[in-house]
Amino acid sequence: EQMLEQVLRQLQPLCTSEQRFLQEFFRLSQDAADLQGLQVSVGTVSSPGLWPSPLSKEPTTRLLSELFSCLEPELRGFLDVCNKVHPFGCLQVLVTLSDSIFEMWGSSSAPPSSFLNTVLGSVLLLAKSSFNKCIGTLCKEIEEAKVPSKMKGGILPSVSRFEEFVAFSEEVFRTARRRGELDKAHLRLASSVFSSINSLSSANLKVNTDMVTMENFHHIHCFLCQKKIPCLEDKKREAKQRYSEHMEKYVIKYLGQPLEKLNHFFEGVKARLAQGVKEEEVSFQLAYSKQELRKVLEKHPGKEVRRALETLYRKVHKELSPEENLLPVVWHAMEQEFIRRYREFEDLIRRCYAGSGLAMDFTVEDLLSYFNSITLSN
């Protein structure tokens, strides 16, 4: 960065002083008719065909192009070396070059010659091309990243790669005057990493896909909250939404286990109601009679439910990665969903089995006590 800045700083005064000398020595500030007459004398210090007739380019610029013909190739070679110093070296080149050009035109001294402006404009296009190529390669790398075959959860390599780039680029562009190119790159990369996480559903993982997806979107959301990048606000909200959706799927999938037979029974009751069976007639359905409900309730005494919840807690604790620390959040969500289901079952018993005297062996207070004691004991 410092070497590139030094090179660019030295170019302006060099080209400006040479431009001033040429204009004064050859009186190039005169009008085109007078300049035409100078072609013969100028030809003695440059090639005879330097200026075609009629004049098609500013004489000063054409002379500077002859004098500094090696400048652009040398600059291109130098930028190529800078790009190879670091995997993301093109970011620093783009920022340094853009800021230097901006400062040249914003300085109180004479603006750079049109020749220097043309050369720097050309290498800036090269820098932008290198930057875009780097982003394209990184997007492809993220999208095509393979999930480790023995992965047991945790943060995906594509997510880590995305965060590595964002952290590095934000530091490089921290004092940059313009960041339009970076904002576009961030959006491209965010879309690629989201696509990479979404593709997990088709991957042959040995762990719960919703759990891995939930943890990775949660990780990205926390990261973007920390970085506070305006162009990624929508992506931050999307990450939070996806994290919440997959946590809900994860909770629902596992929460059926402690009340498996009750869940199955009442899903059937709800299906009959949806088909148009009246509430008071549900108990006359053979599979959903009062006797069948009693059998199901007897298979879920309070002590068995507590034991099933303890088993569930150990399973979730084992699956979730400690880095994300989502266990308290997921366990609380399971508690809320469990209580919601309990009240739903309680309501169906009241509506469809009125006067039967049937009820679950445990209360909401018991459930709260189960969850609380399991949390404290672990």
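This report looks at the nonpolar core and the charged pairs of the structure above.

The model is predicted, so to speak of local features takes pLDDT of at least 70, and side-chain atom pairs count only at pLDDT 80 or more, while totals for chains, interfaces and linings use all residues. Residues are numbered from 1 along each chain as its sequence is written, and side-chain values use heavy atoms, with hydrogens and water left out.

Let's start inside. The largest nonpolar core holds 108 residues, and V330 and M334 have the most contacts inside it. Such a core is a set of buried Ala, Val, Leu, Ile, Met, Phe, Trp, Tyr and Cys residues joined through side-chain atoms within 4.5 Å. Buried means under 20% relative accessible area, exposed over 50%, and partly exposed in between (1.4 Å probe, protein chains only).

Now for the charges. A salt bridge puts a side-chain nitrogen of Lys or Arg within 4 Å of a carboxyl oxygen of Asp or Glu, and the structure holds 22 of them.

| Salt bridge | Closest N and O atoms |
|---|---|
| K235 and E238 | 3.7 Å |
| E245 and R242 | 3.4 Å |
| R350 and D347 | 2.3 Å |

How exposed are the partners? K235 is buried at 15% relative accessibility, whereas E238 is partly exposed at 28%. R242 is buried at 19%, and E245 is partly exposed at 32%. R350 is exposed at 54%, with D347 partly exposed at 26%. Elsewhere, salt bridges that share partners join E233, D234, K236 and R237 into one network.
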